[in-house]
Amino acid sequence: MDSSTNSLDDVSADSSAEFPDRASMMEVRLQAQEDEITLLKSSLADALRRLRIHDQVLQLLKQQVIAVNPSAARLLSQACCSDCSSSSRKLSSSSASDGIRHPATSQLSDTTVTNANSSASTDIQTVPATVDQSTQTESTPSCQDSGQDRVPLHGRVQSLQLEDALVEGPSVSEGNRAKLHRVPGMEEEDEEPEDEGGGRGEQEKDLTWASSVEEPIQPTTIRGLQREDLLDGSCSPEDPGSASASFKSSDQNLSCRSGPLSPIHEREKALVRRNSEKLGNPERQRKRLDKKAASSANLLARSPSLENRAKELIASAGSPGSRRGTYSQGQSIKMFIRGRPITMYIPSNIQNYDELKMEPPSERLELDWVYGYRGRDGRANLYFLPTGEAVYFIACVIVLYHINNRTQRHYRKHTDCVRCLTLHPDKVRVASGQTAGVDKDGKPLQLCVYIWDSTTLVTLQQIGPGTFQRGVGSVAFSFADAGSFLCVIDDSNDHMLSLWDCTKGTKHAEIKTTNEAVFAVEFNPRDSTNIITCGKSHVYFWTLSGGQLTKKQGIFGKYKKPKFIQCFVFSLTGDVLTGDSEGNIMTWGKSAADIKTLGKGAKETYQIMRQTKAHEGSVFTLCTLQGGGLLSGGGKDRKIIRWSADLAPERECEIPEKFGAVRTIAAMDEEELLVGTTRNAILRGTFSDGFVAIVQGHVDETHILKYLKSVLFSDSPPVSSSTPCNTDRWMVLDLLTREVVSESTDGNEQLSVMRYSPDGSFLAVGSHDNFIYIYSVTESGRRYTRFGKCNGHSSFITHLDWSKDGKYIMSNSGDYEILYWDIAAGCKLLRNRFESKDREWASYTCVLGFHVMGVWLEGSDGTDINALCRSHNEKMVAVADDFCKVHLFQYPCPKLKAPSHKYEGHGSHVTNVCFTHSDSHLLSIGGKDTCILQWKVIGGGVGNSRERLASASSTSTSSPEPATS
């Protein structure tokens, strides 16, 4: 039943973990489709505008052709009668979007000016006209004129070939042909035609005259056609009646025709009359056309084509887990997180974004203090040095805390969480081991055991780099030979035990211990060839001989075998004393071989000589005193008991429940003790005076507290079902009296962020139910009334900040969204985020924003940065990442790949960072390591962030190359 339940829980957890990824992918697809629709709409509008200009030019071109060659009137009339213009417009619209040149829009491609126009009296060849399906007519024979064949009308026409309507004349010269093939532009309007005699005697190649939607016909082209016609004498500018004469001649020719085409002839006459009226003021028409063409050219120059914009969209969209920046026309810049585009608007005070120079800040951090102690799962991790310092560890730092002077020193060679610690017999050297850890790619890092000097903090030896697997669980120095050897047990499946020469760093022996957990290892203080290990259901006695280790298992005999052997020590008589999970202290001794039971060849064994009931629950620690006495620490009963040399109880005391059970004991002298507890506290005291805490740490993942005359507390999420708590509840405590000032509940999910407005009149509470609750604060922070609720985020609230005037809020959510709110207007969502680009913020903790865009690393998936905080002088920004590091950036840092100073010390993801009010220190909080690191800010320059940003964006300012850490 348990296994099936666990399986269902795993499936449910996997599904819930995949849901945000699926939702994010759907949002990315929806955003991409919306962008594509916007681009298509823009492209269609551009195409329609171009088509409108083209139709105007085409109409003018038809008028000019009719004026030059009146015989073309019949052909144009047929096109108008068959509703060609409506069909061609539809085809042109589709062609504009597909990039295809269509012949119906006067693109006279795939045709040439041939010898068909050999003379003015040559008959017009059969030309199909385009009609709609609804207006199709059957082919109707027409009457003959001067022996000419009848012209059939086809039901469906392909194109209108205007070249056939041109009159006979000499071949077009090269210069004029070039004009026909290109959009001449406004600067070429007044070009003079080439010499009339140039190239007339040469045979020209066939001319293809094409005009597309992307290149509308300009008035220059029309005037070029007029000049060509003037050269061959078909129409003379000196004879203003020539055009009308041609029309009359055309009318006479058409009037002789009879039959079904007579209505078409009438339409032709009406068309000619209308066109003649329009040609009455050609100068006015030319100016109007020039103006429209110039406006279209400017519009097209500003609007990129659909294809180019689509390519930019595809190129800028990153793959999941990518972070790219796309600079857009000096107004905004996009970055992509998990494929989702996030638009950042550039403030007005940045003149040239490309010229911004990002440098690491002149300030640096120095570890000043470490809060916390790892007692929840540690053993034998607290020692007292002759210098008056207590040695213990938390996260990746080993702390040397001077109890009387209240100062700290730190050994920081470890790259991951420290797991074990032991003190050399000389009371100066220390050996420490750590967890292996992994790099950013998930590959395990090489680990070793460090031997270092506690006085100078200098590393003396690195034992076994690359030898140990997963981590180092236990270490111990030998005593009989003045600490020449070091015993190490790693965290591999076989828990390998190895012996090392402390001076040379060489391995003497190695052997597998057991597949069960191993809790402790020690050398016999009288004989360095004897080693003891204990753990789950076992006590092993090891002997070193000839470079080989042999094992003998302790025999429990008639005594109940406990589940765990938690600890052991050596008495002054040489006996081994163990503490187990049953609350007993057992005395082990060497017995002679039992020949009667085991037969000949039986060897001596280690058996239990005595059992003493010591505590209710487990015995977590044993400590020997110089006078031969013994100290034991209990788990469930939280008692510390002093025993005589013959295990008679002498004194006892109980530590307060809030500190948890006793984890380890270190004797300062015969009376004063140091006690490490399971709730990560270190106590100092005596049996007579009791114990007080000198070090206290968190017992779960921690969050920074913000205060304003009172402190805000929010419940942390429960670690397991055995520690339930109301995650939707928040309280306000008075700093002086520590009384609860106010208590409230918002929603039914975890509260993630709370922040006062700059003047303290409002409190914003961000929840995992996607809402931001706003409270008005009165009576000096003692009365809280619901003011409103910000509704608009589609995921849980992660960060929020108030503007300096206390009227607006900027917020981030779990789906990488940036929203702005007008609180004074009733918690109104500001739709136009561009209006907030120059707004000044009282604090800056949002991880998404233009001013902190450079803190994101390449390939970030959106969860790599947990928190950030801008200093109060607005010169630097500290970042807490998911890789146990604290970064210090220059503020602002809007350029990608901004340089920074990096600092290690945490053994887990860093959950938050915060500057003190004077910016003299920075606090960083770890996740699973439950520690708080206090960093001292050293160095620093002058000038605020706005001055630095303005100078960085100026092209005339240059800075020396910064030194990076």
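Two strands are taken to pair if DSSP finds at least two bridges between them, strands being DSSP runs (E, at least two residues) numbered from the N terminus. In this predicted model, local features need pLDDT of at least 70 and side-chain atom pairs count only at pLDDT 80 or more, while totals for chains, interfaces and linings use all residues. Residues are numbered from 1 along each chain as its sequence is written, and side-chain values use heavy atoms, with hydrogens and water left out.

S25 and S26 (residues 630-634) run antiparallel and are joined by five bridges, with Val619 standing opposite Gly634 in S26.

## Salt bridges

Across the whole structure, 27 salt bridges are found, each defined as a side-chain nitrogen of Lys or Arg within 4 Å of a carboxyl oxygen of Asp or Glu. One of them pairs Lys875 with Glu363 at 3.4 Å, N to O; because Lys875 lies in the loop between strand S44 (865-870) and strand S45 (876-881), and Glu363 in the loop between strand S3 (340-345) and strand S4 (364-371), the pair ties together parts that are 512 residues apart in sequence. Lys875 is buried at 10% relative accessibility, as is Glu363 at 4% (buried means under 20% relative accessible area, exposed over 50%, partly exposed in between, with a 1.4 Å probe and protein chains only).

Asp377 and Arg374 form a salt bridge whose closest N and O atoms are 2.8 Å apart; Asp377 is partly exposed at 39%, whereas Arg374 is buried at 12%.

Terms used
Helices (H or I, at least four residues) and strands (E, at least two) are DSSP runs, numbered from the N terminus.
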